[in-house]
Every structure is written in structure tokens, then in C-alpha cells.
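Biologist: Hello! I would like to learn how to read metal sites and helix packing. Could you show me the model we will work with?

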Amino acid sequence: MKFQISSTKKQDDKAHRIYLTQSKSISKISSLSKAELAYAKKELEGDNDILDLNKLDFRILIVNEKAEKNTEARLENARVAGNKAFGFIKTNKISNFQIIEAGMDTEYAEAFLEGLLLSAYEFKKYFSSKDAAEKSGKISIVGKLNYKAVEQLAQAVYFTRDLVNEPFNKLGVAEFVKQAKAMASASGVKIEAFNKKKIESLKMGGLLAVNQASLNEPAFVVLEYKGAKAKNKKPVIFVGKGVVYDTGGASLKPSNGMETMKCDMAGAAAVVGSIKAIADAKLPVHVIGLIPLTDNAIGNAGIVPGDVITMSNGKTVEVLNTDAEGRLILADALTYAQKLNPEIVIDLATLTGAAVRAIGDVAIAAMEVNAGKHKANLDQASSNTFERLVWFPMWKEYGDMIKSDIADIKNLGGSEAGQITAAKFLEHFTNYPWVHLDIAGPAFLARPSAYRSKGATAVGVRLLFNFVKNL
Ligand code: BES
Ligand code: ZN
Ligand code: ZN
């Protein structure tokens, strides 16, 4: 559902309304009778945080701030309450309603609105009937919460989810570039898209090898946003894996589940989306996004297991599995970042099934080298946004597992710790403070989880936005 949001000074006693309150303020909610207030107080004791009053002509929802000391859990409670409220709005086919601040802490209220808006996301554009089309509605806010900031970030999340949910036949490399350019011009971001010729001149052997079987040319997108009075002297760089479809290539994937591999550009989409959020909020920072784009097709012209390729930094790679393509294209992007003298490089990639097996779809598998204070900063952003990180070690023994008999390294580790051996591969192409985020689990969900919709979640967007905001 798409909402138009505005603010108003006065509460409308005839409208559907959501009151945002906390225990000690419930009795101050105007327009409710004494009996109703007493009932609400009783019902909202303990763990219950939402109460629905049916006034026949309209509905009233009272949302009570849950008592919780831990900030991470507290804000997540608020977002989940937003998700429950949206469920209520949907079941009752409500389209226009007011949200009234009535004693709830502002930060909590903003997280509530964020949870509500993120829950309202739908991807329905390919249904042909009008009945199935996305509905729209209006929210009118009474209070001082910064709904515009919340809405702006939600828009960036929607945009990112759309990019990921689009199937490959609708969004290949060319269309991705077009969408990124449209975002860039609307949000005041510089963009350059390198074509195949330029990629060849840069000797990006990883990107070119993965692209070899494709009918479509690769691209390499560079985004740059420099806010006025940028706080960081050296740029913060985001790198996103942009495999617009991953068949596995000659090491073909099993057909079971292959349809989800349109999500293999979720890292790239999160980079575009977070830069949109940062630019729209006009944050005083300097960020650069680097996005290698191609599909991983199957075809006669493709690379085959056993091939040796040369990357843009001159290192040679024995390709033992063409389905381990993400690290090949990221390697060239990470090499490119070396020229830009970064403060920190953070890459996001739907890189390994091993990350999913290790921690499921509830968290990001994170690894770092020399990230220093930025590791703690990311942990803080993670806790603020509930985009959770699990840090894995980068011990040298994992690096030994990608030694090749005939080239500098191979693109396949052993059967274990695959998310780490993939990161050890990437490390060969870095010489700066670096964080690697393997988002294969949380990027694309088989079933919805509260305000994280089924399919694309846009994981990484809120995390990176929050990270940069608190730089
Ligand atoms: N895109 C996949 C990883 C993936 C798996 C993303 C599940 C989203 C959900 C990646 O390119 C891949 O195929 N990785 C292989 C690597 C292996 C051959 C070393 C994997 O993890 O199985
Ligand atoms: Zn693959
Ligand atoms: Zn892949």
C-alpha cells in the first residue's frame, strides 16, 4: 500500500486514528470516555502493546510504548508494533487515518512509523487486473515526530526492494544502470557507467570472465555523493555485488530455487539505495559507490572449471567453480577502490550459501580487516537498525584453503567455512580498512518476517545510512 503522508495541527474525532502513547500518559488521551480510558489502561498492562477500540464509524488503535531498557530491543519493539498496526489497517481495509502522538517517546514513535511504512511495501506491478493493483491511502500526523525523514528512508528501502524484486527479463544490466542514473539525477548524485570497452581497458579480468557467456554487456557503475561540508576527508566507499542473474554458469545451479537468483544484485541495489538515502537526507559526508554488473549466464562462450584468469591487479585465479562468480567481479571493484584512498571500504554481497547455513536469514555474516573504530561504528548502526551482524574470524588458515596448484589463488575453498574462504579471496584485492558483509541470508526472504517483506528486504540500506549518519 502506498501512503501519502502529511501533518496537521488538529485531531479529527471522526477519523480512524492511531494514538501513540505510554503507560503514564494513557489517561491523557482526549476524546475517549472515562470507561474507555480505564479499559485501555487495564488492557495495555503487561506485555500487550496494542489495543483496538471499535467505534463502529471509525476505529481507534492505541499503541503503548513497551518498557524495555535495551535500546536495540526497544526500537525493534516499536517497529514490530508498526507492523502489527499495518496488519490492522489492512485487515480492516482502512485507507485514510491519523497518527496522533500522545505521550510516546519521539524516537520510539519514529521507529513505529518506520515499521508501519516498511510493512506497507508491495510489489504488485505485474498483476494485470486493477483489483490486484497496489492500493493507496493517506496518513495524517498530529505531533512533532520527523515523519519526513522516516518517509525518505522508507522510500530508499522501497526503491531498493523494487530493484531486487524485478525479474531478470525486466531488469538486466542496462535497466539497472538506467534506474541508477534516474536515482542519481533525482537525488543530486554523480554517476558514471563504464561500458565493456572501458572495462577491458581497465583489465577487469574477473568481471569480463563472468560476463563471457552473456548476451549482454557488463557495466561498472561509479556513484559519488559529496555533501556540503563533508566530515570525512577520505571517501567512505560502498561496493555492491551486481550479478543481475546467477545461473551458476557451467557449474550450473540446480533448478530448485534458481528463481531466487534474480536477487544476486541485492548488494548492488543496497549500494544504490543507501546512497539515495544519504543524498536525499543531505548528510555531510563523502561517499562513493562501486558496482560491477553482469549476469552469470550459461553458454558455450563461458568460462569453465579449470580456466585461469588474470584480474585487474595482475593476480591470477584458477576458476574451479563458475558459480563462485561474485568474488570474481568484486575483486576488480575492490582493486579499483585502491586508487581512491578510502577511509573505509564496505562491500555488500549475496556471496555464499555457507553464510546462510551458518546463521540463516536473520543476520549478516560480517568480516573485517583493519576496520578499527569503524567496526564498533557498524555495530552501533546495526543495533540502531536491527540489521544484525555476526562477525567471523579472518585467520590465516582459511586463506591457505584457497591456494591453487597452478595460479596465485583459486576461487573455491573447501566444503567448510565457505563464507570465510570467500572473504579471504576478496582480501587479496584490498589494501585499506575493509568490511565485507555477506548478505546472502537476509537479502531475500522465503516468507515475511514482521516489517521485512517476503522477497527483497533491502537489507544494508538502513544499516549503511545509519553508519554514515553517525560518522
Ligand atoms: N549467489 C550465490 C550465493 C547465494 C546463495 C546467494 C543463496 C543467495 C542465496 C553465489 O554466487 C554462489 O553460488 N555461491 C556458491 C559458492 C560456491 C560454489 C563456492 C555457494 O555458496 O554455493
Ligand atoms: Zn554463484
Ligand atoms: Zn552469485
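Biologist: Which residue bridges the zinc ion (ligand 2) and the zinc ion (ligand 3)?

Modeller: Asp246 does, and the two ions lie 3.2 Å apart. Before we go on, please note that this is a predicted model, in which local features need pLDDT of at least 70 and side-chain atom pairs count only at pLDDT 80 or more, while totals for chains, interfaces and linings use all residues. Residues are numbered from 1 along each chain as its sequence is written, chains are lettered from A and ligands numbered from 1 in the order in which they are written, and side-chain values use heavy atoms, leaving out hydrogens and water.

Biologist: Thanks! Which atoms coordinate the zinc ion (ligand 2)?

Modeller: Start with the general idea: donors are N, O and S atoms within 2.8 Å of the metal (3.2 Å for Na, K and Ca), and water is not among the atoms, so sites may look incomplete. Here, the zinc ion (ligand 2) is held by Asp246 (OD), Asp323 (O), Asp323 (OD) and Glu325 (OE), at 2.0 to 2.2 Å. Along the chain, these donors have the spacing D-x76-D-x1-E. Asp246 sits in strand 10 and Asp323 in the loop between strand 13 (316-318) and helix 9 (326-338), so this pair ties together parts 77 residues apart in sequence. Helices (H or I, at least four residues) and strands (E, at least two) are DSSP runs, numbered from the N terminus.

Biologist: Now helices, please. At roughly what angle do helix 8 and helix 14 cross?

Modeller: Helix 8 (residues 266-280) and helix 14 (residues 461-469) cross at roughly 40°, and their axes come within 8 Å. Angles under 35 degrees count as roughly parallel, over 145 as roughly antiparallel, 65 to 115 as roughly perpendicular and the rest as oblique. Helix 8 and helix 14 are therefore oblique to each other.

Biologist: Which residues make that contact?

Modeller: Contact means heavy atoms within 4.5 Å. Helix 8 brings Ala270, Gly273, Ser274, Ala277 and Ile278, and helix 14 brings Val461, Leu464, Phe465 and Val468. These residues divide into 7 nonpolar, 2 polar and no charged. Here Ala, Val, Leu, Ile, Met, Phe, Trp, Tyr, Cys and Pro count as nonpolar, Asp, Glu, Lys and Arg as charged, and the others, Gly among them, as polar.

Biologist: How does helix 3 pack with helix 4?

Modeller: Helix 3 and helix 4 (residues 147-165) pack at an angle of about 30°, with axes 10 Å apart. That makes helix 3 roughly parallel to helix 4. The residues of this contact divide into 9 nonpolar, no polar and 4 charged.

Biologist: What about helix 2 and helix 3?

Modeller: The axes of helix 2 (residues 71-91) and helix 3 (residues 106-119) come within 7 Å and cross at roughly 45°. That makes helix 2 oblique to helix 3.

Conventions. Axes are lines fitted to C-alpha atoms, for helices over the stretch in contact, and angles run from 0 to 180 degrees between N-to-C directions.
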